[in-house]
Structure formats: C-alpha cells, structure tokens
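Open the model in your viewer and keep the sequence panel beside it. Each stop below says what to select and what is there.

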Amino acid sequence: MAGEKAPAEKKPAEKKPAKKKAGDKKPAEQKPSQKAAGDKKKRVKKYHASRNPVLARGIGRYSRSAMYARKALYKRKYTAPETKIEKKKKEMPRATITKPVGGDKNGGSRVVKIRKMPRYYPTEDVPRKLLSHGKKPFCEHKRRLRASITPGTVLILLTGRHRGKRVVFLKQLDTGLLLVTGPLAVNRVPLRRAHQKFVIATSTKVDLTGVKIPKHLTDSYFKKKRLRKPKHQEGEIFDTEKEKYELTEQRKADQRAVDSQILARIKKVPQLRGYLRSTFSLSNGVYPHKLVF
Amino acid sequence: VFKRFVEIGRVAFISFGPHAGKLVAIVDVIDQNRALVDGPCSGVRRQAMPFKCMQLTDFVLKFPHSARQKCVRLAWEKENINEKWSATRWAKKIEAREKKAKMTDFDRYKVMKAKKMRNRIIKHEMKKLQRMASKKGKKPVKVVKGKKPEKAPKAKKPEKAPAPKAQKAQK
C-alpha cells in the first residue's frame with residue numbers, strides 16, 4: 001500500500017481531507033512491527049493524502065469512477081463480520097422430503113417438495129397495507145375487572161340458563177371471563193364461565209382465603225368442543241356435531257374439589273346458603289338503579 | 001288549626017338544600033321569607049335561610065332574639081334537643097327510610113325471610129283463634145290474645161334490619 005512508506009506530512013488542511021477521503025482503515029494484516037503501543041497514532045498517519053486534487057471548494061478533479069480506480073477499491077472489498085442471524089440463515093431448511101407411497105408397482109416412495117409453488121395467483125396484486133399501531137390480537141388485549149368483583153363475591157347472573165341465580169365468584173380467567181361456581185349442591189350451577197358485563201356484583205362476600213382452585217381450570221377446559229371432519233355428505237354434517245353436552249368424570253372431580261372448600265365457608269355465615277339458593281327478580285316498585293346491591 | 005309557629009327559638013328541620021336533614025333554631029326573622037338561623041350543635045353556621053326549606057318541629061328554645069351562638073348553644077344543650085329529636089317518631093321514620101335505602105341484596109333476603117316467618121306466626125295464631133271462636137259458637141272470647149304474637153315478631157323485624165346493618169358497619 002502506498003500509504004505505508006510516506007507518512008502524510010502535509011499541511012493540516014490536507015490532512016483532514018486525507019483522513020476523511022482516504023479514510024479506509026487499514027486491515028489488521030499489517031506487519032507486526034507496526035503494532036506498537038502507540039499504534040493508533042501511527043495508523044492515522046499512514047493514511048494517504050487525498051488522491052483527488054481540489055479544483056474549487058467542493059469540486060474534485062476526478063469523477064467517482066476515476067477515484068475508484070485511483071484508490072484501487074477493486075482490491076479493497078470488505079465485508080461486515082457475519083452476524084449470528086446470518087449464520088442461522090445459512091442453515092438451509094430441507095426443500096424436499098421422501099414419502100412412502102402405497103401400491104404394488106409404484107416404486108415405494110416419492111420425493112415431495114415441502115414448500116410448493118402457489119396454485120393460484122390473484123389477477124390483481126393486493127396493495128400493500130399501511131402500517132397500523134395498537135391493533136392487538138385478542139390474546140394480547142388488556143383484561144379488566146371491576147373493582148367490585150373480588151374472589152368470593154356473590155354475583156347475580158343475568159343471562160344464560162342460570163339467569164337470576166346467585167353464584168360465588170372464584171377468579172378471572174385469561175380471556176377475561178369469570179370462573180364461577182354455584183356451588184353445585186346449593187343452586188345447581190357448576191363450575192362455569194360467566195361474562196363480567198352480564199353479571200351484577202353484590203357487596204356480599206364469602207371469605208375464600210386459603211381456597212385452592214386447580215390450575216388446569218382454564219379457558220380451553222371450558223371451551224365448547226366442535227367436531228371438524230367434513231365427510232362430503234351434505235345430509236349428515238349437521239348430525240355429527242356434538243349437540244349434547246356429556247358430563248365427564250373430570251368435571252365431577254373438579255367440582256367436588258372446589259365445592260367442598262367453599263361449602264364449608266358458606267355454612268359459617270348464617271342464612272347465606274338460603275340466600276344462594278334463592279333467585280333474584282324484580283317486582284313492582286323495584287328499580288335496579290335505586291337498589292343497593 | 002296551626003300548632004307550630006315560627007317564633008324565636010323554634011327548632012326547625014331543614015328539608016332540602018345544602019344542609020338537608022339538620023336541625024336549626026330560628027334566631028330572628030329577617031323578612032317575610034327569610035329567617036336568621038343557627039345550628040351550633042348540628043353543624044349549621046349562623047345564616048339566613050328561607051322558610052320554605054324549613055319544617056317546624058315541636059321544640060322551642062328560650063333565648064332572646066338575635067342572641068349569639070353561645071346562648072343558642074347553651075339553650076340547646078339545656079333542653080337536650082338532640083336526644084329529644086332522636087326519640088321522636090319523625091326522626092325514627094327518617095332513620096328507617098335511610099336504612100331501607102342502604103339495604104344490600106343479602107339484607108333484603110334476610111328481611112324477606114323474617115317477614116315471612118312473622119306472618120306465618122301471626123296467621124297461625126289467627127287461625128287458632130278463629131277455630132276456637134267457631135267451635136264455641138257465640139261465646140264471648142275476647143281477641144286480647146291476638147296482640148301477644150304480634151309484638152314478638154315485630155321486635156324481630158327491626159332487629160334483623162339493624163343486625164345486618166351492624167354487621168355491615170363492622171365490616
């Protein structure tokens with residue numbers, strides 16, 4: 001490299017452009033003699049002066065392509081060090097897979113592409129959507145709970161087949177629905193989900209300290225099951241869907257586990273059991289906005 | 001025809017306005033519509049107040065017109081108006097109304113059960129008396145006994161209502 005021999009001892013005005021224009025840092029493949037303690041200072045001095053004489057301020061003698069040749073950039077091509085992401089990308093995923101094929105004379109196996117070409121291209125390209133922010137999917141929504149609803153609160157269900165029944169609140173599930181139980185022995189309401197909006201929270205609370213609710217009672221446990229196996233027979237599709245709800249042993253066991261703890265606490269409060277057994281109703285002269293719950 | 005008059009020292013109950021529900025004594029009359037009023041023992045500052053928002057009570061205090069607050073207070077405490085007031089039916093009705101409005105759902109249930117039980121007892125006794133009366137024909141059996149079962153269940157009802165009140169207050 002030309003810069004090694006003649007350290008640029010020119011005017012400081014030229015040195016500054018020297019640093020800027022010929023500012024490629026020397027690769028570390030230099031002679032070990034130059035790797036002295038004052039390395040950095042020596043390295044800076046090794047830069048060649050500007051190979052592009054100035055005609056007027058801001059205007060150089062040579063064009064970009066001429067400078068490319070003069071600086072011999074064709075020899076100095078550096079790549080950034082390979083990042084971890086790039087390393088990972090090099091691991092090419094499998095493109096094809098061999099699958100066994102039935103039949104006598106079929107040769108046993110086929111090589112099948114894993115990622116196939118699309119079988120349909122739309123006539124018009126879908127325009128690129130603008131960036132939006134704050135549009136979260138349901139699973140990432142913030143779940144809120146009214147301050148009046150705490151574990152042990154007696155709630156009045158307003159909708160569903162158990163409307164009007166008074167029920168004990170256990171906890172809020174991940175989707176925001178409330179896990180609620182009768183208890184079953186008291187008013188035939190099993191462990192069930194209820195929606196916060198369709199519930200009146202009373203100020204009566206059952207003390208649920210130390211009550212352990214099994215961890216496997218989540219939304220997926222309570223979700224309705226749907227059979228999805230289209231058999232291409234129009235007439236029978238509606239029959240195969242499970243319409244009847246079948247009570248499983250696990251549900252019974254969970255119900256017993258939770259209710260045994262709660263019933264003990266209910267019995268301690270006088271008249272609470274009878275209260276939970278009764279249903280809520282409005283009659284003449286009773287206005288919900290005037291009632292204190 | 002009229003028994004309660006606006007006079008100096010008349011204790012009045014304020015029915016609406018910022019001081020609704022408090023007792024005041026009329027100290028002086030300003031004009032046809034307003035009175036100078038003071039309630040040292042009920043938290044009402046000495047001020048002018050229209051007669052419209054005042055309802056006269058049965059109590060009258062003795063102090064000269066435009067007496068200062070200290071005198072009004074002395075007269076008030078001497079007559080023990082606060083205690084006398086809470087003993088009147090008027091005040092008790094107000095208190096009962098307030099309690100009823102504050103009833104929670106659970107309280108309403110308990111009251112309903114108490115009422116039901118009481119009515120059952122009353123009905124039971126009535127039926128008994130009716131049977132006795134019809135059996136013995138026209139014998140003069142006085143219905144004095146009817147009052148006994150009434151008092152016992154009656155005591156239950158106001159007890160049950162304050163009992164859940166006390167529980168609620170404790171909580």
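Select Asp58(B): with a relative accessibility of 53%, Asp58(B) counts as exposed (buried is under 20% relative accessible area, exposed over 50%, partly exposed in between, with a 1.4 Å probe and protein chains only). This is a predicted model, in which local features need pLDDT of at least 70 and side-chain atom pairs count only at pLDDT 80 or more, while totals for chains, interfaces and linings use all residues. Residues are numbered from 1 along each chain as its sequence is written, chains are lettered from A and ligands numbered from 1 in the order in which they are written, and side-chain values use heavy atoms, with hydrogens and water left out.

The side chains of Asp58(B) and Arg4(B) form a salt bridge, 2.7 Å from N to O (a side-chain nitrogen of Lys or Arg within 4 Å of a carboxyl oxygen of Asp or Glu). Asp58(B) is in strand 5 (residues 54-60) of chain B and Arg4(B) in the segment before strand 1 (10-14) of chain B, so the pair ties together parts that are 54 residues apart in sequence. Helices (H or I, at least four residues) and strands (E, at least two) are DSSP runs, numbered from the N terminus. Arg4(B) is partly exposed, at 37% relative accessible area.

Next, go to Arg193(A) and Asp219(A). Their side chains meet in a salt bridge of 2.8 Å, N to O. Strand 8 (residues 192-194) of chain A holds Arg193(A) and helix 7 (residues 219-222) of chain A holds Asp219(A), so this pair ties together parts 26 residues apart in sequence. Is Asp219(A) buried or exposed? Asp219(A) is buried, at 11%, whereas Arg193(A) is partly exposed, at 27%.

Return to chain B and select Lys84(B) and Glu79(B), whose side chains form a salt bridge of 3.3 Å, N to O. Lys84(B) is partly exposed at 36%, and Glu79(B) is partly exposed at 31%. Over all chains the count is 11 salt bridges.

For the last stop, select Arg120(B), which is in helix 4 of chain B. Arg120(B) is exposed, with a relative accessible area of 56%. Also select Lys267(A), Arg273(A), Arg277(A), Lys113(B), Lys116(B), Lys123(B) and Lys127(B), which form a positive surface patch together with Arg120(B). Patch residues have over 30% relative accessible area and no salt bridge, and like charges are joined within 9 Å. Which helix gives the most to the positive patch? Helix 4 of chain B does, with five residues.

Note on methods:
Patches are made of residues with over 30% relative accessible area and no salt bridge: like charges are joined within 9 Å, nonpolar side chains (Val, Leu, Ile, Met, Phe, Trp, Tyr) within 5 Å. Accessible areas come from the Shrake-Rupley method with a 1.4 Å probe; for residues, only the protein chains shown count as cover. Lys and Arg count as positive and Asp and Glu as negative; His and the chain ends are not counted. The place of a charge is taken as NZ of Lys, CZ of Arg, CG of Asp or CD of Glu.
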